[in-house]
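Take a moment with the sequence and the 3D view below. Then follow the text from one place to the next.

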Amino acid sequence: MSDLANARRWLSQARSVVALTGAGISAESGVPTFRDAHTGVWAKYDPMELATEQAFRAHPQRVWRWYMTRREMVAKVEPNAGHLALKAFELAHPGRLRVVTQNVDGLHQRAGQSEVIALHGDLMADKWLDAERSCCSMENLNQEEPPACRSCGNLLRPAVVWFGENLPLQALETAEILARSCSIMLVIGTSGVVYPAAGLARVAAQAGARVVCVNPEATELDSLAAACLRGPAAELLPQLLDMENEDD
Ligand code: BJW
């Protein structure tokens, strides 16, 4: 039996399914991944100069503008067949699938997926850099880049999780509970090098879940996998998740 056929059989029997997704699932929507050697975000930019609090404090305008450019790009793209296949599975099998994503692009949510657990925040949202004071409000912002509170100078920043920052506690706790209790974890389009997100696949495997990787390339998490489906998520996920179609 092929890996795809095996994975389809496991899915059809699975009580609970977790999809742990990364940048690769959005690649075919036109969102660059981070670590592709040629087209990846980090091929062009040093993450430590853009995706840390220290970088933002040192060069707020540079970092803010970079995030605004990415916001504009993401606003123009659409969910692809991979996002839609996950949503279709949720509709066909209510209560059996949860999506835990490292992505900040909001494409699962725009595909209509319910209760997405977003580990690394939301590219489209802002938050205060320092603790919010009584003067800090969206009505009291100046017009700078980044905007700041007119009274105390507190800066707005993108509501994403930078290196060295804690992940949102409730999201991480819920994701860990799901990882410990799922029967199958689909690890889709992630290099599996960023923690604690990558650790969720280890938690699932240790708790006895079958891990299935969906990725055109080998990854750090393949050694945990019961099957590795090699190819783009937008092609493979419709084949994997459409349980009505019995042709393999
Ligand atoms: C396709 C495809 C197609 C292509 N179809 N697939 C344990 C060990 C070592 C280090 C650490 C550790 N624990 C913590 C750390 C430190 C650090 C870390 O993990 N560093 C490693 C890189 C070494 N982690 C953190 O700092 C985290 N915080 C934390 O741990 O807090 C506690 C703490 C506090 C203080 C000190 C120390 C710890 C926070 C991590 C935040 C990550 N943030 C980013 C940026 C978000 C904002 C933004 O967008 O600007 O999140 S980094 C970036 O990487 C982004 C992603 O979500 C994340 C993961 O990347 P992803 O999604 O896997 O993308 P790629 O590009 O790596 O892979 C794409 C994959 O798709 C590839 O495999 C392709 O083959 C594949 N693909 N086309 C399917 N069509």
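Predicted model: local features only at pLDDT ≥ 70, side-chain atom pairs only at ≥ 80, totals over all residues.

Residues are numbered from 1 along each chain as its sequence is written, and side-chain values use heavy atoms, with hydrogens and water left out.

Start with the helices. Two packed helices are described by the angle between their axes and the distance between the axes. Helices (H or I, at least four residues) and strands (E, at least two) are DSSP runs, numbered from the N terminus. Find helix H1, residues 3-13, and helix H10, residues 233-241. Their axes come within 9 Å and cross at roughly 50°. Axes here are lines fitted to C-alpha atoms, for helices over the stretch in contact, and angles run from 0 to 180 degrees between N-to-C directions. H1 and H10 are therefore oblique to each other. Angles under 35 degrees count as roughly parallel, over 145 as roughly antiparallel, 65 to 115 as roughly perpendicular and the rest as oblique.

Which residues of H1 and H10 meet? Leu4, Ala7, Arg8 and Leu11 come from H1, and Gln239, Leu240 and Leu241 from H10. Contact means heavy atoms within 4.5 Å. By class, this contact of H1 with H10 has five nonpolar, one polar and one charged residues. Ala, Val, Leu, Ile, Met, Phe, Trp, Tyr, Cys and Pro count as nonpolar, Asp, Glu, Lys and Arg as charged, and the others, Gly among them, as polar.

Now move to the ligand. A polar side-chain atom of His120 lies 2.8 Å from an oxygen atom of the ligand. A polar backbone atom of Ala23 is also 2.8 Å from a ligand oxygen atom.

Finish in the loops. Where is the cis peptide bond with omega of about -5°? It joins Glu145 and Pro146. Pro146 sits in the loop between strand E4 (121-128) and strand E5 (156-160). Another cis peptide bond, with omega about 5°, joins Tyr195 and Pro196. The loop holding Pro196 runs between strand E6 (184-188) and helix H9 (199-206).

Key: Polar contact = N/O pair within 3.5 Å; in protein donor to acceptor, adjacent residues only side chain to side chain.
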